[in-house]
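Here's a quick walk through some surface patches and ring pairs. Have a look at the model first.

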Amino acid sequence: MDHILRVLQNARAIMDGMQGIDRTAVELAVYLHDIDDPKYKTAGSPSAADLLEELDVANSLASHVLAIIRSVSFSGGNETAIESREAAVVRDADRLDAIGAVGIARAFAYGGAKGRKLYDAAESARVAMSEEEYRTKQTATVTHFHEKLFLLKDLMVTERGRQLAEERHGFMAAFLRQLEQETGEKL
């Protein structure tokens with residue numbers, strides 16, 4: 001839930017000053033964007049569509065929310081096209097939570113939970129991969145920085161998302177330089 005609340009905060013910061021944005025669609029999509037993610041989905045758990053139906057959300061709004069959700073995932077760089085300003089907001093908001101100080105903490109927490117190495121100086125980052133390859137290959141956490149986290153700044157869609165990403169990207173780069181200094185390895 002902490003991730004969802006940070007993404008909501010990011011989305012609100014991005015929407016600040018934007019006119020004509022459907023804030024209800026954005027907020028519903030933020031709350032539901034990870035429900036169908038293979039990393040978290042369990043057998044028998046409801047889908048985002050199930051929850052929208054259970055909440056009696058109008059069909060047009062539910063369809064819009066589901067389209068937004070489909071556009072969020074990075075999937076190894078195999079992302080779905082942005083179809084609305086709302087989708088741009090949610091995608092950028094989610095990606096902002098993957099970079100910076102929180103992104104570093106999340107990456108190492110996830111890597112640790114999966115038994116991954118902190119770093120492997122001999123490992124090369126993949127530049128092209130299928131979604132399945134992205135999700136199944138057990139790379140070191142620092143390799144994930146090069147395969148995804150360092151790419152996100154340039155993939156931001158909104159102007160405010162780009163501004164926020166710039167600072168967070170710089171923090172990650174400084175962290176990696178410090179890690180290289182402490183380990184004596186080129187990572």
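## A negative patch

D50, E53, E54 and D56 form a negative surface patch. Patch members have over 30% relative accessible area and no salt bridge, with like charges joined within 9 Å and nonpolar side chains (Val, Leu, Ile, Met, Phe, Trp, Tyr) within 5 Å. Areas come from the Shrake-Rupley method with a 1.4 Å probe, and a salt bridge is a Lys or Arg side-chain nitrogen within 4 Å of an Asp or Glu carboxyl oxygen.

D50 sits in helix α3 (residues 48–54); helices are DSSP runs of H or I, at least four residues. D50 is partly exposed at 41% relative accessible area (buried is under 20%, exposed over 50%, partly exposed in between).

This is a predicted model, where local features need pLDDT of at least 70 and side-chain atom pairs pLDDT 80 or more, while totals for chains, interfaces and linings use all residues. Numbering runs from 1 along each chain as its sequence is written, and side-chain values use heavy atoms, leaving out hydrogens and water.

## A nonpolar patch

M1, L5 and Y31 make a nonpolar surface patch of about 330 Å². Y31 belongs to helix α2 (residues 23–32) and is partly exposed at 38%.

## Aromatic rings

There are four aromatic pairs, counting Phe, Tyr and Trp (six-membered ring) with centres within 6.5 Å; planes under 30 degrees apart are stacked, over 60 edge-to-face, the rest tilted. F145 and F175 are stacked because their centres are 6.3 Å apart and their planes at 25°. F145 is in helix α8 (residues 141–147) and F175 in helix α9 (residues 159–183), so the pair ties together parts 30 residues apart in sequence.

F145 is buried at 0%, whereas F175 is partly exposed at 27%. Ring pairs also link F108, F145, F150 and F175 into a cluster.

Notes: Lys and Arg count as positive and Asp and Glu as negative; His and the chain ends are not counted. The place of a charge is taken as NZ of Lys, CZ of Arg, CG of Asp or CD of Glu. Helices (H or I, at least four residues) and strands (E, at least two) are DSSP runs, numbered from the N terminus. Buried means under 20% relative accessible area, exposed over 50%, partly exposed in between (1.4 Å probe, protein chains only).
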